[in-house]
Amino acid sequence: MSDPYESWQEEKQSAWLYRVVAECERGTTREALFNELAQAADDQAEIWLAAITQKGGQPPAAFRPDLRARVVATLTRRFKPRAMRGVLAAMKVRGMALYTQNPPHPMPLQRDDIGKRHQNGAAGNALRAGVFGINDGLVSNAALIYGVAGAAPEPSIIVLTGVAGLLAGAFSMASGEYVSVRSQREMFEYQIGLERDELEEYPQEEAAELALIYAAKGMDAAEARRLADTLMQDPERALDTLAREELGLNPDELGSPWVAAISSFAAFTAGAALPLLPFLFGYDQALPLSIGLTALGLFAVGASMSLFTGRHALLSGLRMLGIGGAAGLATYFIGAWLGVSLG
């Protein structure tokens, strides 16, 4: 169970931020929605206040937004709620799903249906991350290897540099992914814990908030309220829906931090190893072979990206080849110039 004082502070902070968002949406239909959500948050804060006084606790002091909330409010006014929706969701401002331009989800009929509508999207995100990880490793290590090759063509130096670049980049990518996914998961776990407590404390108020969000997405108000009330009959289904629709969180996209780190490490390593292989095996014409393998890899990565961009595969492949080739040529000639200048 959450600390009632903390929950009171969270609701008052949410109400204050709702009014900031409503101010940004002045003159639109969303202004009324966020003002209503602000009032609902104030009402829920009163419920927590009543719980405090019933237990004989001292009422909290008058609400004052902390530094974090004031910074978020300033950024929201400057960049508008759509750009700040991720930060606002982390601050427990509900309704950010309105800015994703997605229609309201149909109600799952069985518990097994929860999250199924997002599974393909999560798989697509994982595939996209793998493709971009390979691309990062390929371009960065190829540019590094060719820069060194231009300055010092000794194979031993190139191999040492390439292996160092591969390991440094792979560990950097892996640690970054771990921290990112771990932070996302911690934020989700915190927010979902608050939602669980609120569902237990005032389910009808939560249903009313959810109905407001569905109505703002274009659903008939009476149908929105009926759907929200039906969802509240199953606590697990209700919790899943509240996380998606009120907080804009998708539990299915928050995988294991270790899986993310290992996958990122593997993808980067696969890309970074490609331009290094001819040097590792000691081929006589290692540099031309490396350039050829890198060119094929760049084209293949670019063509694969067309799966996500919708562009023609040939054009995407050639574009990636041009970008990566320009990077490799630039570093090679810079390396050659530095080698002559320093030599």
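**Entry 1: nonpolar cores**

I take a nonpolar core to be a set of buried Ala, Val, Leu, Ile, Met, Phe, Trp, Tyr and Cys residues joined through side-chain atoms within 4.5 Å. I note at the outset that the model is predicted.

I looked up the largest nonpolar core, which has 23 residues. Those that touch the most other members are L17, Y18, F34, L88, M91, V93 and M96. I then asked which helices supply at least two residues each, and I found α1 (4-24), α2 (29-54), α3 (67-83) and α4 (85-90). The helix that gives the most to this core is α1, with 6 residues.

I next listed the contacts of M91, leaving out residues up to four places away in sequence. M91 touches Q13, S14, L17, R68, A69, V72 and Q191. I also recorded a second, separate core of 16 residues, with L210, A211, Y214 and L242 among its members.

I examined T76, which is found in helix α3. Is T76 buried or exposed? I record T76 as buried, because its relative accessibility is 1% and the cut-off for buried is under 20%. Residues up to four places away in sequence aside, T76 touches V20, V21, C24, P81, M84 and L88.

I then turned to K80, which also lies in helix α3. The phi angle of K80 is near 80 degrees, a positive value in a residue other than glycine. I noted K80 as partly exposed, at 43% relative accessibility.

**Entry 2: salt bridges**

I asked how many salt bridges the structure holds, and the count is 6. In one of them, the side chains of R19 and D42 meet at 2.8 Å, N to O. R19 lies in helix α1 and D42 in helix α2, so this pair ties together parts that are 23 residues apart in sequence. I noted R19 as partly exposed, with a relative accessible area of 37%, whereas D42 counts as buried at 14% relative accessibility.

I looked up a further pair, E23 and R77, whose side chains meet in a salt bridge of 3.2 Å, N to O. E23 lies in helix α1 and R77 in helix α3, so the pair ties together parts that are 54 residues apart in sequence. E23 is partly exposed, with a relative accessible area of 36%, and R77 counts as partly exposed at 35%.

The side chains of E186 and R182 also meet in a salt bridge, at 3.6 Å, N to O. I found these two residues 4 apart in helix α6 (residues 155-201), so they are separated by about one helical turn. E186 counts as partly exposed at 45% relative accessibility, and R182 counts as partly exposed at 24%.

I placed E236 in helix α9 (residues 235-245) and recorded it as partly exposed, with a relative accessible area of 43%. The C-alpha atoms of E236 and R196 are separated by 9.2 Å, although the two residues are 40 apart along the chain.

I then traced helix α10 (residues 257-273), which has 17 residues and reaches 24 Å from its first C-alpha to its last, close to the 24 Å expected. Its buried residues are P257, A260, A261, S264, A267, F268, G271 and A272. Why do they fall on the same side of α10? They do so because they cover an arc of only 135 degrees around the axis. On the face turned away from this buried side, I found the exposed residues W258, V259 and I262.

Technical notes: Residues numbered from 1 in each chain as written. Predicted model: local features only at pLDDT ≥ 70, side-chain atom pairs only at ≥ 80, totals over all residues. Heavy atoms only, no water. Expected span 1.5 Å × (residues − 1). Buried < 20%, exposed > 50% of the residue type's maximum accessible area, 1.4 Å probe, protein only. Arc of directions from axis to C-beta. Contact = heavy atoms within 4.5 Å. Salt bridge = Lys/Arg side-chain N within 4 Å of Asp/Glu carboxyl O.
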